[in-house]
Each structure stands twice: as structure tokens, then as C-alpha cells.
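Trainee: Could you take one part of this model and walk me through it closely? I'd like to know what sits around it.

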Amino acid sequence: MLFRDRTYSVLTVSGGEKFHRATKALLPPSDYWPVDCAMSAAQARRTLSEKEYDLLLINTPLPDDFGTALASDVCAESGTGVLLFVKSDVFDDVYAEVVEFGAMAIALPTSSQMVLQTVRGLCAARERLLRVQEKQETVEDKINEIRIVNRAKWLLIECLSMTEEDAHRYIDKMAMDQRITRRQAAEDIIKTYK
């Protein structure tokens, strides 16, 4: 991807070293870095508990788990894009299972081009999910600010016998006069009157 300001971190999970080498060779470091490897679902879980990855590529079956339980857990707990590589004779069954929790699957054997296209699709989904998460965090921040400001208003009403409108104006004026945010002004009021 030309002129990207960031790369996608990747964790590959496979019981065989061949998959790790082939995947690393396929993913250009200018777009996908770092590309780390795990040899089992247990090792992948330990690695994922220490670091968040953008993409998780699972070559099924794994030595200690087929791979669907790992995929399900990762999809439930994070925004990591998950892709399972599955033998064509079980592809339909595995796809039907993993699509429900938001993972993708690709049938083996496949071409390098198909793998790259699917990985790029995962990257697009990851970008969209990151934007949704940012919006959600912004909304949560605004809700928390409203709660804090309301708490400060009620303290002013209770302690200084202000009306709600006067308390609201007081917080706004305090924020403007001190060149701080309404939230900071409300937090100062809470500290003073609590």
C-alpha cells in the first residue's frame, strides 16, 4: 500500500514452519510488520495476551486445537481481523461456524493472489472497526463529561443553593475564565465541595 503511515501487525499460527515462511515471504514488510509466529493455539493465546495484533492468520488444524476456538475467542475479545486457512473438504463447515463470530476463512489449496486479496479485505475491515471504536470512545468520553458536569451542578445546587441554570452558567464561566475545559472545571468543583 503506497504511502501508508502505519503497517499492520500480523500473528501467524501454524504447527508447521512452512506456513510461517510462506506467509512472511508473501506479506511485504512495508505494509505488514511485524509478522510474528506461534506454533500452537496455546502459544498464540500467550502472545495475544501480551500484545495486540491487527491480523491473525491461522493455518488449521493446529496441534492443540483445530483453530476455530482460538478464532472465536480472539473475535470476541478484540478487534483483530482473523483469517483461517482450511482444507477444501471441510471449508464449508468451518466457514459456516466462523462467519458467525466475524472471522474469515479461505480454502486450501489457494493462490498467493487470493491470499493477498483476502488479507487486504481484512485490513479494510480492520480500518473500519478502528474508526467505529474511536467513535465509541468519543461518545463514552462525552457521556462521562456530562456525568461529571451534572455531578458538579448538583453539588453547587446543594451546597450553594444555586438553580440548575445558575450552576450551569457558573461551570461554563469558571471554565472560560480559567481557560480549562468544562470537565476540568466540574472536577475542581467536585473536589472543593465534596
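Mentor: Let's start with threonine 12, which is found in strand 1 (strands are DSSP runs of E, at least two residues, and helices runs of H or I, at least four, numbered from the N terminus). Keep in mind that this is a predicted model, where local features need pLDDT of at least 70, side-chain atom pairs count only at pLDDT 80 or more, and totals for chains, interfaces and linings use all residues. Residues are numbered from 1 along each chain as its sequence is written, and side-chain values use heavy atoms, with hydrogens and water left out.

Threonine 12 counts as buried because its relative accessibility is 0%; buried means under 20% relative accessible area, exposed over 50%, and partly exposed in between, with a 1.4 Å probe and protein chains only. Its side chain makes a polar contact of 2.7 Å with the side chain of histidine 20. That term covers a pair of N or O atoms within 3.5 Å; within protein, one must be able to donate a hydrogen and the other to accept it, and residues adjacent in sequence count only if both atoms are side-chain atoms. Not counting residues up to four places away in sequence, threonine 12 touches Phe19, His20, Thr23, Val35, Asp36, Cys37, Ala38 and Leu57 (contact means heavy atoms within 4.5 Å).

Now look at leucine 11. Leaving aside neighbours within four places in sequence, its contacts include Asp36, Cys37, Ala38, Leu48 and Leu56. Leu11 and Val13 are among the residues with the most contacts inside the largest nonpolar core, which has 22 residues. Such a core is a set of buried Ala, Val, Leu, Ile, Met, Phe, Trp, Tyr and Cys residues joined through side-chain atoms within 4.5 Å. Strand 1 (8-13) is one of the elements giving it two or more residues, and others include strand 3 (55-59) and strand 4 (81-87). Helix 3 gives the most to this core, with four residues. Another core, of 16 residues, lies apart from it and has Tyr8 and Val35 among its members.

Tyrosine 8 and tyrosine 32 form a tilted one, at 6.2 Å centre to centre and 35° between the planes. Tyrosine 8 lies in strand 1 and tyrosine 32 in strand 2 (residues 32-38), so the pair ties together parts that are 24 residues apart in sequence. For the cut-offs, rings of Phe, Tyr and Trp (its six-membered ring) pair if their centres lie within 6.5 Å; planes under 30 degrees apart count as stacked, over 60 as edge-to-face and the rest as tilted. Both tyrosine 8 and tyrosine 32 are buried.
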